Amino acid sequence: MNYNEFVEKQKSNFSHLEKIVNLLKSLKGKKIITFSHDDPDGVTSASVFKRLTDKLGIENKILFPTKYELSEQEVKDAINKYYYPSAIFILDKGTIEYYKNYVEIVKNIVIIDHHPVIGNNFENLLVFNPSIEKYTQCSGSLLLNILFNLFESSKEEEDFITLIGLKSDWAIDPLNNIIPEFVKPFYEYKIIPKFEFLVVPEENLSSTIFEITSRQKSNLLNHLAQLFFAITGGGFQYFYNDRSIKLKDIYQPEFCFNIFMNKLKIEKFSTIDEFINLLNDKEKVSLIYEYFLDDIKSTENLFDQNTVLGKKINDVELYLFFGKQVRLMPMVGSVKLYEYAKGKEAAIIMFNIEKNGSVHISFRGNTDKIHLGKLANDTAQTLVKEFGHPNEITGGGHPRAAELRTRESGVCYVDILKTFFELVKKI
Ligand SMILES: [Mn+2]
(Lines give C-alpha, C1' and ligand atoms only; values in the text may rest on other atoms or scores of the structure.)
Protein backbone atom coordinates (compact mmCIF):
# COMPACT_ATOMS: atom_id res chain seq x y z
CA MET A 1 0.00 0.00 0.00
CA ASN A 2 1.52 3.33 -1.00
CA TYR A 3 1.25 6.38 1.22
CA ASN A 4 -1.70 7.96 -0.64
CA GLU A 5 -3.70 4.76 -0.33
CA PHE A 6 -2.75 4.52 3.34
CA VAL A 7 -3.88 8.11 3.96
CA GLU A 8 -7.22 7.52 2.20
CA LYS A 9 -7.75 4.36 4.22
CA GLN A 10 -7.47 6.26 7.49
CA LYS A 11 -10.76 8.02 6.67
CA SER A 12 -12.61 4.73 6.91
CA ASN A 13 -10.58 3.57 9.91
CA PHE A 14 -11.16 6.73 11.93
CA SER A 15 -14.63 8.15 11.49
CA HIS A 16 -13.80 11.58 12.90
CA LEU A 17 -11.05 12.24 10.41
CA GLU A 18 -13.40 13.27 7.63
CA LYS A 19 -15.29 15.50 10.05
CA ILE A 20 -12.03 17.21 10.96
CA VAL A 21 -11.30 17.74 7.26
CA ASN A 22 -14.76 19.26 6.72
CA LEU A 23 -14.39 21.47 9.78
CA LEU A 24 -11.05 22.79 8.50
CA LYS A 25 -12.61 23.51 5.09
CA SER A 26 -15.35 25.53 6.79
CA LEU A 27 -12.80 27.59 8.77
CA LYS A 28 -11.40 29.54 5.80
CA GLY A 29 -11.01 33.18 6.83
CA LYS A 30 -11.65 32.32 10.48
CA LYS A 31 -9.46 32.15 13.56
CA ILE A 32 -8.40 29.14 15.59
CA ILE A 33 -6.10 28.50 18.57
CA THR A 34 -3.82 25.47 18.69
CA PHE A 35 -2.27 24.08 21.86
CA SER A 36 0.62 21.76 21.12
CA HIS A 37 2.97 19.74 23.32
CA ASP A 38 6.20 21.62 24.10
CA ASP A 39 8.38 18.62 23.18
CA PRO A 40 10.01 17.97 19.77
CA ASP A 41 7.04 15.95 18.51
CA GLY A 42 4.62 18.69 19.57
CA VAL A 43 6.71 21.34 17.81
CA THR A 44 6.98 19.31 14.59
CA SER A 45 3.23 18.52 14.76
CA ALA A 46 2.45 22.23 15.09
CA SER A 47 4.79 23.04 12.24
CA VAL A 48 3.06 20.66 9.83
CA PHE A 49 -0.36 21.85 11.02
CA LYS A 50 0.51 25.55 10.59
CA ARG A 51 1.70 24.89 7.05
CA LEU A 52 -1.71 23.34 6.36
CA THR A 53 -3.79 26.10 7.95
CA ASP A 54 -1.73 28.75 6.11
CA LYS A 55 -2.67 27.06 2.84
CA LEU A 56 -6.31 26.92 3.90
CA GLY A 57 -6.39 30.62 4.83
CA ILE A 58 -7.05 30.03 8.53
CA GLU A 59 -5.52 32.31 11.15
CA ASN A 60 -3.88 29.94 13.62
CA LYS A 61 -2.32 31.06 16.91
CA ILE A 62 -0.03 28.28 18.13
CA LEU A 63 0.86 27.93 21.80
CA PHE A 64 3.19 25.55 23.63
CA PRO A 65 2.18 25.41 27.31
CA THR A 66 4.80 23.87 29.62
CA LYS A 67 2.40 21.38 31.24
CA TYR A 68 1.47 18.30 29.23
CA GLU A 69 -2.24 18.28 30.14
CA LEU A 70 -4.22 21.28 28.94
CA SER A 71 -6.15 22.99 31.73
CA GLU A 72 -9.38 24.94 31.45
CA GLN A 73 -7.58 28.01 32.79
CA GLU A 74 -5.03 27.84 29.97
CA VAL A 75 -7.86 27.75 27.43
CA LYS A 76 -9.57 30.75 29.02
CA ASP A 77 -6.32 32.70 29.35
CA ALA A 78 -5.46 32.17 25.69
CA ILE A 79 -8.88 33.37 24.58
CA ASN A 80 -8.57 36.49 26.73
CA LYS A 81 -5.08 37.20 25.47
CA TYR A 82 -5.60 36.56 21.73
CA TYR A 83 -9.13 36.20 20.38
CA TYR A 84 -12.23 34.10 20.58
CA PRO A 85 -11.54 31.21 18.18
CA SER A 86 -13.94 29.28 15.95
CA ALA A 87 -12.18 26.06 16.99
CA ILE A 88 -9.49 24.80 19.31
CA PHE A 89 -6.98 22.15 18.27
CA ILE A 90 -5.08 20.14 20.91
CA LEU A 91 -2.03 18.37 19.44
CA ASP A 92 0.05 15.61 21.08
CA LYS A 93 -1.21 16.60 24.53
CA GLY A 94 -3.14 13.51 25.49
CA THR A 95 -6.68 12.31 24.77
CA ILE A 96 -8.27 13.03 28.09
CA GLU A 97 -11.94 12.74 29.00
CA TYR A 98 -12.20 16.07 30.81
CA TYR A 99 -11.23 17.93 27.63
CA LYS A 100 -14.91 17.50 26.67
CA ASN A 101 -15.79 20.14 29.29
CA TYR A 102 -14.08 22.73 27.09
CA VAL A 103 -16.89 22.55 24.52
CA GLU A 104 -18.75 24.84 26.90
CA ILE A 105 -16.11 27.47 26.15
CA VAL A 106 -15.62 26.78 22.42
CA LYS A 107 -17.97 24.47 20.52
CA ASN A 108 -15.40 22.90 18.20
CA ILE A 109 -12.65 21.05 20.05
CA VAL A 110 -10.35 18.81 18.02
CA ILE A 111 -7.82 16.39 19.52
CA ILE A 112 -5.01 14.97 17.38
CA ASP A 113 -2.92 12.67 19.49
CA HIS A 114 -1.25 9.26 19.66
CA HIS A 115 -1.03 8.59 23.41
CA PRO A 116 -3.11 5.89 25.13
CA VAL A 117 -6.42 7.56 26.00
CA ILE A 118 -7.44 8.51 29.53
CA GLY A 119 -11.18 7.93 30.10
CA ASN A 120 -13.70 6.59 27.62
CA ASN A 121 -16.32 9.25 27.03
CA PHE A 122 -15.19 11.75 24.40
CA GLU A 123 -18.62 12.87 23.23
CA ASN A 124 -18.80 16.25 21.50
CA LEU A 125 -15.08 16.12 20.78
CA LEU A 126 -13.50 15.39 17.41
CA VAL A 127 -10.70 12.92 18.03
CA PHE A 128 -8.08 11.53 15.68
CA ASN A 129 -6.06 9.08 17.75
CA PRO A 130 -5.13 5.65 16.31
CA SER A 131 -4.40 4.45 19.88
CA ILE A 132 -8.08 4.75 20.81
CA GLU A 133 -8.71 1.15 19.69
CA LYS A 134 -5.33 -0.37 20.47
CA TYR A 135 -1.92 1.15 21.19
CA THR A 136 -0.35 2.28 17.92
CA GLN A 137 3.27 3.32 17.89
CA CYS A 138 3.61 6.54 15.87
CA SER A 139 3.96 10.26 16.53
CA GLY A 140 1.81 13.37 16.52
CA SER A 141 3.78 14.65 13.55
CA LEU A 142 2.75 11.64 11.43
CA LEU A 143 -0.94 12.20 12.25
CA LEU A 144 -0.65 15.81 11.12
CA ASN A 145 1.14 14.64 7.98
CA ILE A 146 -1.80 12.30 7.26
CA LEU A 147 -4.24 15.20 7.77
CA PHE A 148 -2.13 17.41 5.47
CA ASN A 149 -2.17 14.74 2.77
CA LEU A 150 -5.96 14.58 2.88
CA PHE A 151 -5.83 18.10 1.37
CA GLU A 152 -2.76 17.91 -0.82
CA SER A 153 0.39 15.85 -1.18
CA SER A 154 3.02 16.90 1.35
CA LYS A 155 6.34 18.20 0.05
CA GLU A 156 9.90 17.62 1.19
CA GLU A 157 9.69 20.18 3.99
CA GLU A 158 6.64 18.68 5.68
CA ASP A 159 8.00 15.15 5.33
CA PHE A 160 11.40 16.11 6.71
CA ILE A 161 9.78 17.74 9.76
CA THR A 162 7.43 14.78 10.24
CA LEU A 163 10.38 12.39 10.21
CA ILE A 164 12.16 14.38 12.94
CA GLY A 165 8.99 14.21 15.07
CA LEU A 166 8.87 10.43 14.69
CA LYS A 167 12.48 9.98 15.72
CA SER A 168 12.53 12.47 18.59
CA ASP A 169 9.43 10.80 20.07
CA TRP A 170 11.29 7.45 20.04
CA ALA A 171 8.65 6.05 17.62
CA ILE A 172 11.10 4.71 15.03
CA ASP A 173 14.65 3.42 15.09
CA PRO A 174 15.97 3.04 11.53
CA LEU A 175 19.44 2.28 12.88
CA ASN A 176 18.05 -0.99 14.25
CA ASN A 177 15.49 -1.46 11.45
CA ILE A 178 12.55 -0.71 13.75
CA ILE A 179 9.71 0.94 11.81
CA PRO A 180 6.23 0.20 13.25
CA GLU A 181 3.48 -0.98 10.84
CA PHE A 182 1.53 2.27 11.01
CA VAL A 183 4.62 4.28 10.05
CA LYS A 184 5.83 2.03 7.21
CA PRO A 185 3.87 3.54 4.27
CA PHE A 186 5.11 7.04 5.16
CA TYR A 187 8.65 5.83 5.74
CA GLU A 188 8.89 3.74 2.60
CA TYR A 189 7.12 6.08 0.16
CA LYS A 190 7.97 9.52 1.51
CA ILE A 191 11.28 9.17 3.33
CA ILE A 192 13.38 6.53 1.61
CA PRO A 193 13.11 8.03 -1.91
CA LYS A 194 14.14 11.52 -0.80
CA PHE A 195 15.94 11.27 2.52
CA GLU A 196 17.71 7.95 2.61
CA PHE A 197 20.98 9.77 3.39
CA LEU A 198 19.53 10.67 6.80
CA VAL A 199 19.01 7.09 7.92
CA VAL A 200 22.05 5.22 6.64
CA PRO A 201 24.25 4.02 9.53
CA GLU A 202 27.58 5.79 9.82
CA GLU A 203 30.46 4.75 11.99
CA ASN A 204 32.23 8.08 12.09
CA LEU A 205 29.30 9.97 13.64
CA SER A 206 29.36 10.51 17.39
CA SER A 207 26.60 8.87 19.42
CA THR A 208 23.47 10.69 20.57
CA ILE A 209 20.82 10.15 23.25
CA PHE A 210 19.06 7.87 20.74
CA GLU A 211 21.63 5.07 20.55
CA ILE A 212 21.26 2.97 23.64
CA THR A 213 22.16 -0.59 22.77
CA SER A 214 24.80 0.07 20.15
CA ARG A 215 27.01 3.11 20.49
CA GLN A 216 29.25 2.16 17.56
CA LYS A 217 27.22 3.80 14.85
CA SER A 218 24.75 6.62 14.43
CA ASN A 219 22.94 8.38 11.60
CA LEU A 220 22.09 11.95 10.69
CA LEU A 221 18.45 11.49 11.68
CA ASN A 222 19.44 10.73 15.28
CA HIS A 223 21.58 13.88 15.27
CA LEU A 224 18.71 15.95 13.86
CA ALA A 225 16.33 14.59 16.49
CA GLN A 226 18.86 15.33 19.21
CA LEU A 227 19.23 18.88 17.87
CA PHE A 228 15.44 19.29 18.06
CA PHE A 229 15.47 17.89 21.57
CA ALA A 230 18.10 20.45 22.57
CA ILE A 231 16.40 23.45 20.96
CA THR A 232 12.90 22.70 22.29
CA GLY A 233 14.11 21.71 25.76
CA GLY A 234 12.85 18.19 25.11
CA GLY A 235 9.48 18.69 26.83
CA PHE A 236 11.42 18.72 30.11
CA GLN A 237 12.02 22.49 29.97
CA TYR A 238 15.80 22.14 29.76
CA PHE A 239 16.16 25.79 28.91
CA TYR A 240 19.32 27.86 28.47
CA ASN A 241 18.03 31.40 29.04
CA ASP A 242 20.35 31.98 31.98
CA ARG A 243 23.52 30.72 30.30
CA SER A 244 23.93 33.50 27.76
CA ILE A 245 22.54 37.00 27.37
CA LYS A 246 21.88 36.09 23.72
CA LEU A 247 19.36 33.48 24.83
CA LYS A 248 17.81 35.50 27.63
CA ASP A 249 14.50 36.33 25.95
CA ILE A 250 13.66 33.27 23.90
CA TYR A 251 11.07 30.64 24.72
CA GLN A 252 12.78 27.60 23.26
CA PRO A 253 9.79 25.59 21.97
CA GLU A 254 8.50 28.67 20.14
CA PHE A 255 11.99 29.60 18.96
CA CYS A 256 12.37 26.12 17.47
CA PHE A 257 8.93 26.33 15.86
CA ASN A 258 9.74 29.69 14.26
CA ILE A 259 13.04 28.48 12.81
CA PHE A 260 11.37 25.53 11.15
CA MET A 261 8.42 27.56 9.87
CA ASN A 262 10.88 29.47 7.71
CA LYS A 263 11.55 28.16 4.26
CA LEU A 264 13.92 25.28 4.84
CA LYS A 265 16.89 24.70 2.62
CA ILE A 266 17.10 20.95 2.80
CA GLU A 267 20.11 20.09 0.77
CA LYS A 268 22.33 17.15 1.37
CA PHE A 269 24.52 17.63 4.43
CA SER A 270 26.90 15.25 6.13
CA THR A 271 27.22 16.64 9.66
CA ILE A 272 24.84 18.35 12.05
CA ASP A 273 27.00 21.48 11.97
CA GLU A 274 26.50 21.73 8.22
CA PHE A 275 22.77 21.50 8.80
CA ILE A 276 22.81 24.20 11.49
CA ASN A 277 24.61 26.45 9.02
CA LEU A 278 21.59 26.26 6.70
CA LEU A 279 19.28 27.65 9.40
CA ASN A 280 18.12 31.12 10.28
CA ASP A 281 19.35 32.21 13.69
CA LYS A 282 22.15 29.68 13.43
CA GLU A 283 24.19 31.53 16.05
CA LYS A 284 21.58 30.93 18.76
CA VAL A 285 20.98 27.38 17.61
CA SER A 286 24.62 26.42 17.81
CA LEU A 287 24.94 28.12 21.18
CA ILE A 288 22.06 26.05 22.56
CA TYR A 289 23.47 22.89 21.04
CA GLU A 290 26.90 23.52 22.58
CA TYR A 291 25.34 23.95 26.03
CA PHE A 292 23.31 20.81 25.49
CA LEU A 293 26.37 18.74 24.56
CA ASP A 294 28.23 20.14 27.58
CA ASP A 295 25.31 19.13 29.80
CA ILE A 296 25.37 15.60 28.42
CA LYS A 297 29.06 15.29 29.20
CA SER A 298 28.81 16.64 32.73
CA THR A 299 25.75 14.51 33.50
CA GLU A 300 27.61 11.42 32.22
CA ASN A 301 30.43 12.24 34.64
CA LEU A 302 27.94 12.70 37.48
CA PHE A 303 26.51 9.25 36.79
CA ASP A 304 29.94 7.65 36.86
CA GLN A 305 30.69 9.28 40.21
CA ASN A 306 27.30 8.94 41.91
CA THR A 307 25.85 5.60 40.81
CA VAL A 308 26.04 2.59 43.10
CA LEU A 309 24.93 -0.99 42.74
CA GLY A 310 22.36 -1.04 45.54
CA LYS A 311 20.98 -4.53 45.57
CA LYS A 312 20.25 -7.62 43.52
CA ILE A 313 16.56 -8.59 43.34
CA ASN A 314 15.45 -11.71 41.44
CA ASP A 315 18.78 -11.66 39.56
CA VAL A 316 18.18 -8.05 38.54
CA GLU A 317 20.93 -5.62 39.44
CA LEU A 318 19.42 -2.50 40.94
CA TYR A 319 21.55 0.61 40.45
CA LEU A 320 20.90 3.85 42.34
CA PHE A 321 21.85 7.36 41.28
CA PHE A 322 21.45 10.46 43.44
CA GLY A 323 21.76 14.01 42.17
CA LYS A 324 20.61 17.58 42.52
CA GLN A 325 19.35 19.72 39.63
CA VAL A 326 20.72 17.19 37.17
CA ARG A 327 19.93 17.97 33.57
CA LEU A 328 18.99 15.31 31.00
CA MET A 329 18.93 12.70 33.74
CA PRO A 330 16.52 10.16 32.16
CA MET A 331 18.26 10.24 28.77
CA VAL A 332 21.78 9.89 30.10
CA GLY A 333 20.59 7.30 32.65
CA SER A 334 19.21 5.05 29.91
CA VAL A 335 22.56 5.03 28.14
CA LYS A 336 24.51 4.55 31.38
CA LEU A 337 22.34 1.65 32.53
CA TYR A 338 23.24 -0.21 29.38
CA GLU A 339 26.91 0.46 30.02
CA TYR A 340 26.80 -0.59 33.70
CA ALA A 341 24.68 -3.72 33.13
CA LYS A 342 27.20 -5.26 30.70
CA GLY A 343 24.56 -7.61 29.30
CA LYS A 344 23.06 -8.59 32.64
CA GLU A 345 19.49 -7.84 33.70
CA ALA A 346 19.45 -4.52 35.48
CA ALA A 347 17.47 -1.41 36.43
CA ILE A 348 18.53 2.04 37.49
CA ILE A 349 16.58 4.31 39.81
CA MET A 350 17.59 7.97 39.53
CA PHE A 351 16.74 10.47 42.25
CA ASN A 352 16.93 14.16 41.44
CA ILE A 353 16.15 17.16 43.63
CA GLU A 354 14.73 19.83 41.36
CA LYS A 355 15.25 23.58 41.59
CA ASN A 356 12.11 24.10 43.70
CA GLY A 357 13.08 21.31 46.13
CA SER A 358 10.64 18.77 44.70
CA VAL A 359 11.79 15.28 43.84
CA HIS A 360 11.86 13.63 40.42
CA ILE A 361 12.59 9.91 40.24
CA SER A 362 13.30 8.22 36.90
CA PHE A 363 13.17 4.46 36.53
CA ARG A 364 14.84 2.62 33.65
CA GLY A 365 15.37 -1.10 33.15
CA ASN A 366 16.39 -3.64 30.51
CA THR A 367 14.10 -6.43 31.78
CA ASP A 368 10.42 -6.99 32.62
CA LYS A 369 11.23 -8.88 35.84
CA ILE A 370 10.63 -5.78 37.94
CA HIS A 371 7.71 -3.71 36.66
CA LEU A 372 9.09 -0.20 37.05
CA GLY A 373 5.84 1.53 36.09
CA LYS A 374 4.09 -0.34 38.87
CA LEU A 375 6.85 0.47 41.33
CA ALA A 376 6.62 4.17 40.44
CA ASN A 377 2.85 4.10 40.70
CA ASP A 378 2.84 2.20 44.04
CA THR A 379 5.35 4.69 45.46
CA ALA A 380 3.22 7.64 44.36
CA GLN A 381 -0.01 6.07 45.66
CA THR A 382 1.56 5.29 49.04
CA LEU A 383 2.86 8.85 49.33
CA VAL A 384 -0.55 10.27 48.41
CA LYS A 385 -2.23 8.04 51.01
CA GLU A 386 0.07 9.36 53.70
CA PHE A 387 0.57 12.99 52.65
CA GLY A 388 -2.28 13.85 50.26
CA HIS A 389 -1.70 16.03 47.14
CA PRO A 390 -2.96 13.56 44.49
CA ASN A 391 -2.56 16.20 41.76
CA GLU A 392 1.03 16.99 42.68
CA ILE A 393 2.41 13.52 43.40
CA THR A 394 2.16 11.33 40.32
CA GLY A 395 4.01 8.26 39.18
CA GLY A 396 3.75 5.55 36.56
CA GLY A 397 4.92 4.33 33.19
CA HIS A 398 5.88 1.17 31.36
CA PRO A 399 7.61 -1.97 32.71
CA ARG A 400 11.02 -0.65 31.61
CA ALA A 401 10.60 3.13 31.93
CA ALA A 402 8.72 5.21 34.48
CA GLU A 403 8.73 8.59 36.20
CA LEU A 404 7.61 9.92 39.56
CA ARG A 405 7.26 13.59 40.49
CA THR A 406 6.31 15.23 43.79
CA ARG A 407 6.01 18.80 42.42
CA GLU A 408 4.49 21.31 44.87
CA SER A 409 3.43 18.66 47.45
CA GLY A 410 6.14 19.70 49.91
CA VAL A 411 6.78 16.06 50.93
CA CYS A 412 10.36 15.82 52.21
CA TYR A 413 13.13 13.78 50.66
CA VAL A 414 13.53 11.34 53.57
CA ASP A 415 9.83 10.42 53.51
CA ILE A 416 10.00 9.80 49.77
CA LEU A 417 13.11 7.63 50.09
CA LYS A 418 11.63 5.71 53.02
CA THR A 419 8.41 4.98 51.13
CA PHE A 420 10.30 3.92 48.02
CA PHE A 421 12.73 1.58 49.82
CA GLU A 422 9.97 -0.06 51.86
CA LEU A 423 8.27 -0.97 48.58
CA VAL A 424 11.55 -2.24 47.12
CA LYS A 425 11.95 -4.49 50.15
CA LYS A 426 8.61 -6.13 49.33
CA ILE A 427 9.59 -7.06 45.74
MN1 LIG B 1 4.27 12.71 20.83
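Guide: Start with burial. Buried residues make up 40% of the 427 residues in this chain. Keep in mind that the model is predicted.

Visitor: What is the secondary structure of the chain?

Guide: It comes to 14 helices and 11 strands.

Visitor: Why does the radius of gyration agree with a compact globule?

Guide: Compare two values. With 427 residues, a compact globule would have a radius near 22 Å, and the chain has 22 Å, so they agree. The C-alpha atoms fill a box of roughly 60 × 50 × 50 Å along the principal axes.

Visitor: Is Ile-179 buried, partly exposed or exposed?

Guide: Count C-beta neighbours inside 10 Å. A buried residue needs 20 or more. Ile-179 has 19, so this residue counts as partly exposed. Ile-179 sits in the loop between helix H6 (156-168) and helix H7 (184-199). Lys-184 and Tyr-187 are among the residues that Ile-179 touches.

Visitor: Where does H7 bend?

Guide: At Ile-192, by about 80°. A proline, Pro-193, follows within four residues.

Visitor: Which residues of H7 are buried, and what covers them?

Guide: Phe-186, Tyr-187, Lys-190, Ile-191, Leu-198 and Val-199 are buried. Their cover includes helix H1 (3-13), helix H5 (140-149), H6 and helix H8 (220-232).

Terms used: Residues numbered from 1 in each chain as written. Predicted model: local features only at pLDDT ≥ 70, side-chain atom pairs only at ≥ 80, totals over all residues. Helix = DSSP H or I, 4+ residues; strand = E, 2+ residues; numbered from the N terminus. Rg over C-alpha atoms; globule rule 2.2 N^0.38 Å. Buried ≥ 20, exposed ≤ 12 C-beta atoms within 10 Å, placed from the backbone. Contact = placed C-beta atoms within 7 Å. Bend = angle between axes of the 7 residues up to and from the residue. Lists of a residue's contacts leave out its neighbours within four places in sequence.
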